[in-house]
Amino acid sequence: MDNSGPLTGIRVVEFTSAWAGPYATCLLGFLGAEVIKVESRQRPDHSRIISFTTGKAFQTLDESEVFNNLNLNKRSVCLNLKMPEAVEIARNLIQVSDVVMENMRPGVVPRLGLGYEEARAIKPDIIYISSSACGQTGPDREYIGYAPTFAALAGLPHVTGYPDWPPSNFLGSIDLRSACTSAFAILAALYYHQQTGEGQYIDLASQEAIATYAGDIFLDYVMNGRVPMRQGNQNAVMAPHNCYRCKGEDKWISIAVATQAEWENLCRAMGRSDLIDDPRFADNARRKTNEAELDAIMSAWTGDKDPYDVMGMLQHAGVAATPSMSSEALFNDPHLKERKVFRQVDHPVIGKNWVIAPPWQFSETPAAIRSCGPRIGEHTEEIFRDYLGMSSDEIDKLKKDKVIF
C-alpha cells in the first residue's frame, strides 16, 4: 500500500480565512497536497479568534479548536501584505506552487498585486481560485458574505422550515458545502493541467455553489410556474414522511416510506397489519390525503419507544428509519466510532483535540491527518529558507521591519 496521498507533490498557497476557503484546502491536504497558509498577526484568520458556532472567544491565536479542525496538515507563514516586501515574498511563494486560493472580497487581492493576472505572469501554468459570496463579476460582486447569506442568496432558507415559520437560517455547514465545491473545481483544474500542462482561473461564487443543491426548486418554477414554500418534514409525494417523537427528552425518529411494499412492511413491523387494508391508507395518494391522521397513528406508536430500537426494528423490515441525531448522539454513535470519523490529534497549545477525519477512505492512497493545525507563523523561517533561499539574517531583518508579522 502506498502511504502517500493522491495529491502528493502538489503545493498550494492560500490567502484564506473563515471556513469556506480554509476547509477547501484542508480537503486537499487530506489528499496529500502541501498547503501553505499565508496570514498575519495584524489580520489573522478570524477562526483563530472566535467560534461563531459556540460563541467562544480565544485568548491567543493558537488555541482555537475550530481553526485546528479547518486547517489540519497545513503550514503557516506570516506576511504583512500591506508591505511591498511582503507582497514580493508572496509572489515568490506563488512561483514555487501549483495552486493559489484566496477568498477575500473581490478586488482586494488584485489591488495587493497578487491577483490571477499577476500570478500568471509569475507562473504561467498556475491554477488560481477565487472564492467569494457572489463571484468576481456582476452587480453584487463586492457583497460581503458568510454562510447565512450564501444560503439566503441561493434560495434554500425560503423552502426550509415549517409553513407557519419564517425561513430557516443556515450556518457553518453551508460554508463547508461551498468548500467542497471549491476542492472539486481545483481537482478538475489539476486534471486539466495534467493533460495539457496549462493552468487556469476559477471564479467560484458560493451563492451559485449552494444553489446547485436546489435544482428541483428552479425546475418546478421554470416548468410549472410554482414557487415552492416551506413544508416542514413533509414530502410532496411520500407518506409517511416525518420526524416522530420517541421516549426521552427531545428524542425523535425520522421515518420515510417510498413504496407500497415499504408501507406494508411498516404496518407489519408496527403490529398494525389492519392498516394495510384501511381505505384511508390503501395507496400512497390516499396516505397523502390523510397524512395528518397517519402521522397521529405513527406518533402514538413511536412515543413510548427508544429511537434506536425503532430504527433497528424498521431497518430490519426494510423501512428507512433513523434517529434524529444530536451532536452528542453523533459523537457517541457506535457506527461512526467504528469508522473512526472523530479522531484525536495532539496540539502543542490545546493538547489532545477531537477533530473530524477525512470524509473518504482510499484503499491505495490513504487520505490522512498528518499534523494538527499550525500555530500562527510556525513554519515561516523553514519555508522562506528552504523554498525561497533566504538567509537567517534576511529573515531577522524582515521580522524587525514588520514584513514578517
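## A walk from hairpin to cores to surface

Start by selecting Asn242 and Ile255: Asn242 sits opposite Ile255 of strand S8. You're looking at a predicted model, by the way.

Now widen the selection to residues 241-245, strand S7, and residues 252-256, strand S8; the two run antiparallel and are paired over five bridges. Together S7 and S8 make a hairpin, with six residues between them. Click on Gly248 in that turn and check its phi, which is positive at about 110 degrees.

To see where they line up, pick Ile253, which faces Pro323 in S9.

Time to go inside. The largest nonpolar core has 32 residues, and the ones touching the most other members are Leu7, Ile10, Val12, Leu28, Val99, Ile186 and Leu190. Colour in the elements that each supply at least two residues of this core: helices H1 (20-30), H2 (65-70) and H7 (172-196), plus strands S4 (99-102), S5 (127-132) and S6 (200-205).

Zoom in on Leu7. Skipping neighbours within four places in sequence, Leu7 has contacts with Leu28, Leu31, Gly32, Ala33, Leu187 and Leu190.

Last stop, the outside. Show Leu219, Tyr221, Val222, Met223, Val227 and Met229 as a surface: they make a nonpolar patch of about 690 Å². Within that group, Met223 belongs to helix H9, residues 215-224. Is Met223 buried or exposed? Its relative accessible area is 64%, so Met223 counts as exposed, the cut-off being over 50%.

Terms used. Residues numbered from 1 in each chain as written. Predicted model: local features only at pLDDT ≥ 70, side-chain atom pairs only at ≥ 80, totals over all residues. Heavy atoms only, no water. Pairing = 2+ DSSP bridges. Helix = DSSP H or I, 4+ residues; strand = E, 2+ residues; numbered from the N terminus. Core = buried A, V, L, I, M, F, W, Y, C linked by side-chain atoms within 4.5 Å. Buried < 20%, exposed > 50% of the residue type's maximum accessible area, 1.4 Å probe, protein only. Contact = heavy atoms within 4.5 Å. Patch = residues over 30% accessible without salt bridge, like charges linked within 9 Å, V, L, I, M, F, W, Y side chains within 5 Å. Areas by Shrake-Rupley, 256 points an atom, 1.4 Å probe, with all protein chains shown as cover. Salt bridge = Lys/Arg side-chain N within 4 Å of Asp/Glu carboxyl O.
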